[in-house]
Amino acid sequence: MRIPIIAANLLLLPLSLALTGCGKPSLDVDPSLTTIGQATPVPVHVQDSRGVSKLTATLAQNGAQYQAWQTTAPSKSADTTFNFNVGSKTTPQLRDGSAHLIIEATSGGLFHRTTHWEREISVVTQPPVVSADSDQHYLYLGMADLATMNVTGSYTSAGVRVGNQTFRAWPMPGGKPGLFSLFAFAWNMPPGTMPLAYASNAAGNDVTMPLTVVFPKKEQPVYTQHEIQLTDQFMQKVLGELDPNGTGDPVERFVKINTEMRKSNNKTLADLRLKTVDRFLWHQPFTRQSHAQAEATFADVRSYIYHSKKIDQQVHLGYDLAVTQHVGVEASNDGRVVWAAPIGIYGNCIVVDHGYGLQTIYGHLSRIDVHEGDMVKRSQIMGLSGMTGMAGGDHVHFAMQLDGVQIDPKEWWDEHWIQDHVVRRVDLPGFGK
Ligand SMILES: [Zn+2]
């Protein structure tokens with residue numbers, strides 16, 4: 001019985017070779033791998049039904065080739081991810097500049113066919129060097145400032161880092177050398193947090209230099225405590241508008257809107273940081289809604305009271321400006337509309353970008369008369385005030401954010417502050433004229 005089986009196998013052999021024995025491994029490397037440093041992880045994913053008998057990584061630079069890594073044992077698996085590091089640590093001959101990473105995977109199949117893969121990469125072994133200005137930066141909770149800096153060497157991002165928040169640096173306007181960064185010390189940043197100028201590159205290098213700062217303890221803003229009495233009428237209005245199909249305990253639903261929806265709406269606002277331009281779109285101080293009374297100010301701490309019981313607490317990150325019903329909502333400064341649509345608790349909302357990550361926010365409108373992409377002028381009417389979203393009466397919720405971090409707008413209404421903190425350090429063409 002043996003002979004016929006062998007014969008059958010022989011007959012089948014060419015067919016099985018065609019199916020599995022002479023296939024080439026398929027190989028892929030994350031497209032984001034474009035730079036290597038001292039020891040950069042390279043994950044290589046290989047598929048071959050017969051496994052991989054050998055995988056090698058080679059670096060080629062200036063006509064020379066250096067073996068960077070190779071497998072020590074074959075893999076029988078049809079689907080293998082190889083993880084290894086390449087860089088100047090294991091290949092000290094590498095110089096900063098361009099090189100080629102070559103990866104070859106050899107099939108575990110009968111003919112050991114090899115797949116060749118190659119990509120041009122940059123070698124960056126030296127960290128960038130960052131130096132920040134030597135100004136004394138006065139830090140106030142919820143307020144902004146501007147730092148200038150220089151970065152040399154290869155870098156992919158730079159700016160000011162405060163705790164876990166980052167504020168981008170931009171090339172100086174007017175073609176001057178160096179960079180600048182508008183940054184904020186957030187209303188809830190732990191005092192003592194040191195703002196750092198930073199620069200990092202694609203090879204994973206990250207360098208920092210602390211700014212020179214003063215934190216005047218006694219002059220810090222004191223947030224005022226407020227009690228908001230929730231009436232059944234207000235509760236019904238909010239639930240009907242923001243959770244129309246919800247069921248269950250109204251208090252629980254309200255608290256969910258006030259916490260989870262608020263958080264998600266603030267994230268939507270913060271993400272608009274990426275819709276900015278690298279130039280000043282404005283050249284005058286920001287304005288406050290004309291004739292408006294401030295009913296609430298920045299970082300008021302609000303306790304929500306329902307039937308004499310505190311059910312929630314939130315911090316109000318803007319100004320509530322009231323005039324009369326359906327008053328024209330004015331753009332605080334020249335800029336470009338980057339949002340004109342409802343955002344949950346903020347109701348019908350407009351966000352205007354003023355360049356370099358500085359944006360103004362207008363909430364609770366009854367009508368929006370601008371569109372995303374529109375350029376607006378300072379004091380231009382963009383819509384009408386109202387009480388959409390979580391608003392009990394007609395007003396404009398006016399807020400400001402810097403690279404996605406909400407800040408107190410009041411300094412930006414002040415020409416002297418802008419002169420002292422912005423114009424003194426960077427060119428803001430035409431400012432104050
Ligand atoms: Zn408000």
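How are the donor residues of the zinc ion spaced in sequence? The spacing is H-x3-D-x76-H. The legends below describe close-up views of a predicted model.

**View 1. Protein donors surround the zinc ion.** Three residues supply the donor atoms: His-316 through NE2, Asp-320 through OD and His-397 through ND1. They lie 2.0 to 2.1 Å from the zinc ion. Asp-320 sits in strand β23 (residues 319-322), and His-397 sits in strand β31 (residues 396-402). This pair links distant parts of the chain, 77 residues apart. Both Asp-320 and His-397 are buried.

**View 2. Three strands make an open sheet.** The strand order is β24-β30-β28, and the pairing is antiparallel. β24 (328-330) and β28 (367-368) are the edge strands. Each has a single partner strand, so one side of each lacks a neighbour in the sheet. β28 pairs with β30 (residues 381-384) over two bridges, in the antiparallel sense. Ile-368 stands opposite Gly-383 of β30.

**View 3. Met-382 is buried in strand β30.** Is Met-382 buried or exposed? Its relative accessible area is 0%, so Met-382 counts as buried. Met-382 touches Val-329, Glu-330, Ala-331, Ile-350, Val-352, Tyr-362, Ile-368, Asp-369, Val-370 and Val-376, leaving aside residues up to four places away in sequence. One of these contacts, Tyr-362, is 20 residues from Met-382 in sequence. The C-alpha to C-alpha distance between Met-382 and Tyr-362 is 9.6 Å.

**View 4. Helix α4 has a buried face.** The helix spans residues 415-423. Trp-417, Ile-418, His-421 and Val-422 are its buried residues. Seen down the axis of α4, they fall within an arc of 95°, so they line one face of the helix. Their cover includes β11 (143-152) and β15 (179-185). Asp-414 caps the N-terminal end of α4. A side-chain oxygen of Asp-414 lies 2.9 Å from the backbone nitrogen of His-416.

**View 5. Trp-187 and Tyr-223 form an aromatic pair.** The count of aromatic pairs in the model comes to 19. In the pair shown, the ring centres are 6.4 Å apart. The planes make an angle of 70°, an edge-to-face arrangement. Trp-187 lies in the loop between β15 and β16 (196-200). Tyr-223 lies in the loop between β18 (212-214) and β19 (225-230). The pair therefore ties together parts that are 36 residues apart in sequence. Trp-187 is partly exposed, with a relative accessible area of 22%.

**View 6. Ring pairs build an aromatic cluster.** Which residues do the ring pairs link? The cluster holds Trp-170, Phe-180, Phe-280, Trp-282, Phe-286, Tyr-356, Trp-412, Trp-417 and Phe-431. One of them, Trp-417, is also among the buried residues of helix α4.

**View 7. Side chains alternate along strand β1.** The strand covers residues 26-29. Leu-27 and Val-29 point to one face and are buried. β1 pairs with strand β3 (residues 40-47) over four bridges, in the antiparallel sense. Asp-28 stands opposite His-45 in β3.

Technical notes
Residues are numbered from 1 along each chain as its sequence is written. This is a predicted model: local features need pLDDT of at least 70, side-chain atom pairs count only at pLDDT 80 or more; totals for chains, interfaces and linings use all residues. Side-chain values use heavy atoms; hydrogens and water are left out. Donors are N, O and S atoms within 2.8 Å of the metal (3.2 Å for Na, K and Ca); water is not among the atoms, so sites may look incomplete. Buried means under 20% relative accessible area, exposed over 50%, partly exposed in between (1.4 Å probe, protein chains only). Two strands pair if DSSP finds at least two bridges between them. Contact means heavy atoms within 4.5 Å. The arc is that of the directions from the helix axis to the C-beta atoms. A polar contact is a pair of N or O atoms within 3.5 Å; within protein, one must be able to donate a hydrogen and the other to accept it, and residues adjacent in sequence count only if both atoms are side-chain atoms. Rings of Phe, Tyr and Trp (its six-membered ring) pair if their centres lie within 6.5 Å; planes under 30 degrees apart count as stacked, over 60 as edge-to-face and the rest as tilted.
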